[in-house]
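Here's a quick briefing to read alongside the model. Have the viewer open and follow along, topic by topic.

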Amino acid sequence: MQKSPNRESLLRKPGFQTLLASLLCIVLGLLVGFIALLIINPSGAGEAIMDIMRNFLNYSKRTTQIKNLGNTLVKTAPLLMCSLSVLFAYKVGLFNIGAAGQYVAGAGACIYCAVGLGLPWFVCMLASILAGAVVGAVSGALKAYRNVNEVISCIMLNWISLYLVNTLLSGVKNPTSPYTYSVTKKLVTVDGVQQVVDHPQALLPQLGIQGLFNNNKYVGLALPLAILLAVCIWVLLSKTRLGYELRATGLNKNAAKYCGMQDRHNIVLTMAIAGGLAGIGASMLYLTGFEDWSVTQSSVPGMGFNGIAAAFLGGLNPIASIFSSFFIQHITDGGAQLDKQVYPAEISSLISSLIIYFCGFVLFFKTSLNRWLDRRGEKPLTDKGGKA
Amino acid sequence: MASEYAIEMLNITKRFPGIIANDNITLQLRRGEIHALLGENGAGKSTLMSVLFGLYQPEEGTIKKDGQVVKINDPNDANALGIGMVHQHFKLVECFTVLDNIILGVEPAGKFGLLQKEDARRRVIELSEKYGLHVDPDAKISDITVGMQQRTEILKMLYRDNEILIFDEPTAVLTPQEIDELMQIMRNLRAEGKSILFISHKLAEIMAVADRCSVLRKGKYIGTVNTADVTMEDLSAMMVGRNVNFHVEKKPSHPGDVILHVENMTVASKVHKNNAVKGVTFDVRAGEIVCIAGIDGNGQTEFVYGLTGLEPLVDGKIVLQGKDITNAPIRERSVSGMSHIPEDRHKHGLVLDYSLEDDIVLQRYFEGEFTKHGFLRRPNIRQYAEKLIEQYDIRSGQGPVTMARSMSGGNQQKAIIAREIDKNPSLLVAVQPTRGLDVGAIEYIHRQIVAQRDAGKAVLLVSLEMDEVLDVSDRILVMYEGEIVGELDPKKTNPEEMGLYMAGAKRDTVKKEA
């Protein structure tokens, strides 16, 4: 008898309810994804869904498993930054669908600074933050001073950023491929002739972390830095005067204005911070050398959009985003494990979008749960009344 | 055999988590009577009406129509049973005509879905003549007076052949003359056999028009009385559970220095091309309560926005304690000694999804006491909130951490008043501070305002409530179509005279005097 109220009070906790709802969304998403696999090819569907969920565990050798876990983590860091960017803006009442474009701007800035200008990693990283912040601030300023819907301006800026960055990075392109030179190289002009020389200073420090992942050379500073920034965003939102102002602006713009907060200024600042977060995310990927930029790409990288997914799956909580980002990246990489002859790799994108779709039911789930708890809570009450 | 009652709600109990909103309530509406439903805010009136309209299902109790038990699952069921309601805030389409609004939802369609409005028009005119509801069927809602809009709402119910008419606080937006007309309309409706449920907390109106009155208090049914057998004092004692002093006790005012000087203030309108406030000039002195009276929509809202900095001025000058604040940002006005109890506590006054303590420091969070090096000083905020909660008797479920949204309207308003008064302002701008509150809370807020005046503060009260204007203020300025049309002494004037000024029928030329 004593246990039940305890369990109920746990079930009543909003945080626990969000966790439960997110897990339910994941299960439902995987279930519908599995149905899609069944339709494509029934015989291998069970195996395929397991492959997606196992991701790096598909490899039999423990060392390879760990190395591939490292690869997933390398891409988790930028995803986490994008999800922080989205959730930060969302807390202030803005839908930052422009995280993708801000991420692109950050990528362009850090690659150009590394390869074109030969600058060290921390300068490249600062350039990324700045570039993302500027792109974000443009959307913010348009919203604040011209009442342009941020979703519209963000989507347009995504494309503007993409083609500007493609143009900028064509200057540091490897002539034999559509890709730029790796960030470990730099271009120098000696006596009017362009030469490519080694430039390891642009790589993010590994801090010895690579040792934990079977010397996966791409793992390093990015992941701990991303987690640290998630904690910082949590502190900023919940403990500081700025966070108090920004949340008030997001929850009730009129009340914020009434008490003299500079609502317009806050909107620009919010979008600049959100942009900076997405921008630094790009440097966390490209400054590892894990990927190079293709200057012929004509679609905006999905990292920023996946950030929306991770932010919502994490219940818009910065700390929970760490885990949701890892999960989204985990199944995205898992999708790449599938037999391309039978299943498209996009099946994992389908699953993550299904999960997000089900996240729309989180509120519904919470209300139903509370109603169920209410009904249960009332029964003993009436029982007692009957006895008395 | 037909029952004596048109509608009966018997032993209704409705629970919400942690609260019993309706505890065994019985309400019996006789056919052809005007039955008042009286209760403070949070007494359970709205919940009871939501049960009647099928928005909530009661845990216990039954509803009977003409003696037959009925089940009301949604508002459509209520409609089918002939139950109609005039909401406090009208549900009209502004850019439609009166006729279009009346037939909305029950449009008479002929062949190919084409509207057949002629029959409808004839019926509307017939109904309006029968009940004395004067409307112009072809006028647009946005062009007609609030009183006519209300008559349109009443016609909507009659057009649908509703037998049971519910009026939710219908007099809140009307002038005294319009209120008299409404009372007459309600009597006409009763004479034609309609049953009326009149929700109100204005005792004088209940005494004037209702046959019987049921009283709720804190979710409980207190009783039903014949209004002929009781006095206003009896009713208020039933509603509040104690005797309430209607008259605001206050000593004569001793105005001191000029605190606020407003000169030729002109503010643009959001809705039309004209200015909403046109060249308003006046002073407010320390130790006096100046009230701006007028019917809703005559520029008071825009005036307050201009004064407090929410909207820029087109022209004019504002001086607070000798300092020109015409173009000062809101924060600067606030720290220079202006406190503002806003008209709409949900829109401006509170961040509803903030905790009570966070809302209490909304005007002071940036002060050193509550912020250090950019970080909030949570323990100080908690301590300050607890102090104000205690001092101003703000009641809430979980104290400082209660979500503002979950608090009752009266306590939300108390929190705002505590916040604005504790700032120790030199000028207190209170806009409709008692809107939608019950008698107990109104009494409390009036006492606070008078106490501020007695402490030597300048108070500018903007109110639509005639009684409040006459009771609380030391000087009345009547605003009509954005201009001050008269200055009245509350001791020498009466509601009728004020009504004439408010309706624009009378105006003085004193306004340029200052």
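Chain B splits into domain 1 (5-240), domain 2 (247-337 + 427-433 + 458-514) and domain 3 (341-424), with bounds that come from an automatic or database domain assignment. Keep in mind that this is a predicted model, where local features need pLDDT of at least 70, side-chain atom pairs count only at pLDDT 80 or more, and totals for chains, interfaces and linings use all residues. Residues are numbered from 1 along each chain as its sequence is written, while chains are lettered from A and ligands numbered from 1 in the order in which they are written.

**Domains 2 and 3 of chain B**
- The centres of domain 2 and domain 3 of chain B, taken over C-alpha atoms, are 27 Å apart.
- Nine residues of domain 2 of chain B and seven residues of domain 3 of chain B make up the contact, where two residues count as touching if their C-beta atoms, placed from the backbone, lie within 7 Å.
- On the domain 2 side, α9 (300-308) and β19 (427-431) of chain B are the elements giving two or more residues; helices (H or I, at least four residues) and strands (E, at least two) are DSSP runs, numbered from the N terminus.
- β19(B) brings the largest share of that side, four residues.
- By type, that side of domain 2 of chain B has six nonpolar, three polar and no charged residues (Ala, Val, Leu, Ile, Met, Phe, Trp, Tyr, Cys and Pro count as nonpolar, Asp, Glu, Lys and Arg as charged, and the others, Gly among them, as polar).

**The sheet in chain B**
- Six strands of chain B make an open, mixed sheet in the order β16-β19-β20-β13-β21-β22; strands pair if DSSP finds at least two bridges between them.
- β16 (338-341) and β22 (483-488) of chain B are the edge strands with a single partner each, so one side of each has no neighbour in the sheet.
- Ignoring direction, neighbouring strands of this sheet are turned by 20° against each other on average.
- β21 (475-480) of chain B runs antiparallel to β22(B), joined by five bridges, and B:Tyr480 sits opposite B:Glu483 in β22(B).
- α9(B) lies across β13 (289-293), β16, β19, β20 (458-463) and β21 of chain B, at about 150° to β19(B); axes are lines fitted to C-alpha atoms, for helices over the stretch in contact, and angles run from 0 to 180 degrees between N-to-C directions.
- α17 (495-502) of chain B lies across β13, β21 and β22 of chain B, at about 35° to β21(B).

**Nonpolar cores**
- The largest core has 143 residues, and B:Phe198, B:Leu427, B:Val429, B:Leu460 and B:Val478 touch the most other members.
- A core here is a set of buried Ala, Val, Leu, Ile, Met, Phe, Trp, Tyr and Cys residues joined through C-beta atoms within 7 Å.
- Helix α15 (439-454) of chain B gives the most to this core, six residues.

**Chain A against chain B**
- Chain A puts 16 residues in contact with 24 residues of chain B.
- α9(A) gives the most to the chain A side, with five residues.

- A:Asn55 counts as buried because it has 23 C-beta neighbours inside 10 Å, whereas B:His373, with 7, counts as exposed (buried means 20 or more other C-beta atoms within 10 Å, exposed 12 or fewer, partly exposed in between, with C-beta atoms placed from the backbone).
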